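Dear colleague,

Please find the structure for your files below. My notes on its ligand site and on one of its sheets follow.

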Amino acid sequence: MKIKRIRGVNDILPGEIEKWQWVEQIAHKTFARYGFKEIRTPIFESTRLFSRSIGETTDIVEKEMYTFQDKSGDSITLRPEGTASVVRSFVEHKMYGPGQLSKLYYLGPMFRYERPQAGRFRQFYQIGVEAMGSGHPALDAEVISMLMEFYRELGLKGLKLNLNTLGSNESRTHYREILKEAIQPNLSKLCDNCQGRYERNPLRVLDCKVASCGDVAETLPKIREHLIDADRLHFEQVQGHLKSVNLDFVINDRLVRGLDYYGRTTFEVTAEGLGSQNAVCGGGRYDGLVEEFDGPSTPCFGFAMGLERLVTILPEEMTQGIQSRPDVFVVMLGEVAQRAGFPLLEAMRREGLSVMRDFEGGSMKSQMRKANKSNCRFAVILGENEIENKSYQLKNMETGEQSNHSPDSLVAEIKSR
Ligand code: ATP
Ligand code: MG
């Protein structure tokens, strides 16, 4: 019986995984420079956590969640995103306090029942960041700047930073009415999805990807023109801070994002060369979510980026050298050499070298072929004579140069090169 992987999920194999590990390392290092600490939350949570935070009328909650009943009858959902879990954990472990800022990041798989296509999967990986405890516009700019710094470390160029504001609840309540009025005469031109959500979530029309909705959206009033003063000021200050560190951005009035908890600043980073699934990161401010889960009023700013798309656009010159290769391949000829070889291998590994061998006990030629294939830097050749004379042959696989060494000096010799 041949069983294949489920549609829309991936195996990440050696040869490819090195890129992922490299990206993860850069994330750990870059985020640490900004004082962020990693948090790991469970992959499944109570379904309510997501429906309440992401929003009942979002695509994710309406049709994309992997929800099931466990054996006790509780409704469980595989996390479709990371923010809800981090907020739950933040409240549960009381990571708050007067003037306290929690800077957290996470990394791991997310699950959404979407139509699989290039750059869109049902299990995909995200790295996400949540800065919790300040409503200062400089925090928005700092977190966005950290993201762009991370991309710079990866050697990525030509990324586009799209920025918008959704205003606070106060601005949005007011704008929602203006928007509904403006949409009303065009309601029949909208897709079924938007028509259905018009009453409860008219902002969705702004970023609907259906062409006819896009045409209507172009004619609609902009939220930017209907902000209360505090929201307008916040948005101006975010832009000022971004400019002060020379970060280019474009304002995209139709950037709404697919999660209902966002307010004030929202942003998305898009990349070329990805076709229509070109968003590599999305984020923004969510000042009301912690309170929604019975925590104290805690303004927050965060983002999440998809790793599959990111890994496909890594510049080749950056990923060329990251494949791991063994330092040494030990060729063992005959029974005696096999026995003496194992302790030698283990001693070399304890010294920090990466060491490979063959278990087939083949000829010199066949073992050297395997050594070559392993892409090792050195081969050590052990035969009965070498063991008897305590003089091991060392071959530099790049230059072909050969020399003999005592068992004691061998490791030092390899390390010195
Ligand atoms: P999209 O517009 O691509 O549907 P989204 O608005 O649903 O993205 P978020 O929920 O904010 O995206 O997730 C942040 C990032 O996660 C996206 O920018 C993208 O890089 C990645 N992402 C989202 N959904 C998927 C998916 N199904 N497969 C692969 N990556 C994804
Ligand atoms: Mg989506």
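Which polar side-chain atom lies 2.3 Å from an oxygen atom of ligand 1? That atom belongs to Arg 257.

This is a predicted model, in which local features need pLDDT of at least 70 and side-chain atom pairs count only at pLDDT 80 or more, while totals for chains, interfaces and linings use all residues. Residues are numbered from 1 along each chain as its sequence is written, chains are lettered from A and ligands numbered from 1 in the order in which they are written, and side-chain values use heavy atoms, with hydrogens and water left out.

The backbone also approaches the ligand: a backbone N or O atom of Ala 279 lies 2.8 Å from an oxygen atom of ligand 1, and one of Gly 306 lies 3.3 Å from an oxygen atom of ligand 1. Taken alone, ligand 1 exposes 580 Å², of which the protein buries 89% (Shrake-Rupley method, 1.4 Å probe). By class, its shell has six nonpolar, three polar and five charged residues (Asp, Glu, Lys and Arg count as charged; Ala, Val, Leu, Ile, Met, Phe, Trp, Tyr, Cys and Pro as nonpolar; the others, Gly among them, as polar).

Elsewhere, three strands form an open antiparallel sheet in the order β2-β4-β3 (strands are DSSP E runs of at least two residues, numbered from the N terminus; two strands pair if DSSP finds at least two bridges between them). Because β2 (44–46) and β3 (66–69) each have a single partner strand, one side of each is left without a neighbour in the sheet. Four bridges join β3 to β4 (residues 75–78), and Tyr 66 stands opposite Leu 78 in β4.

With kind regards

Conventions. Polar contact = N/O pair within 3.5 Å; in protein donor to acceptor, adjacent residues only side chain to side chain.
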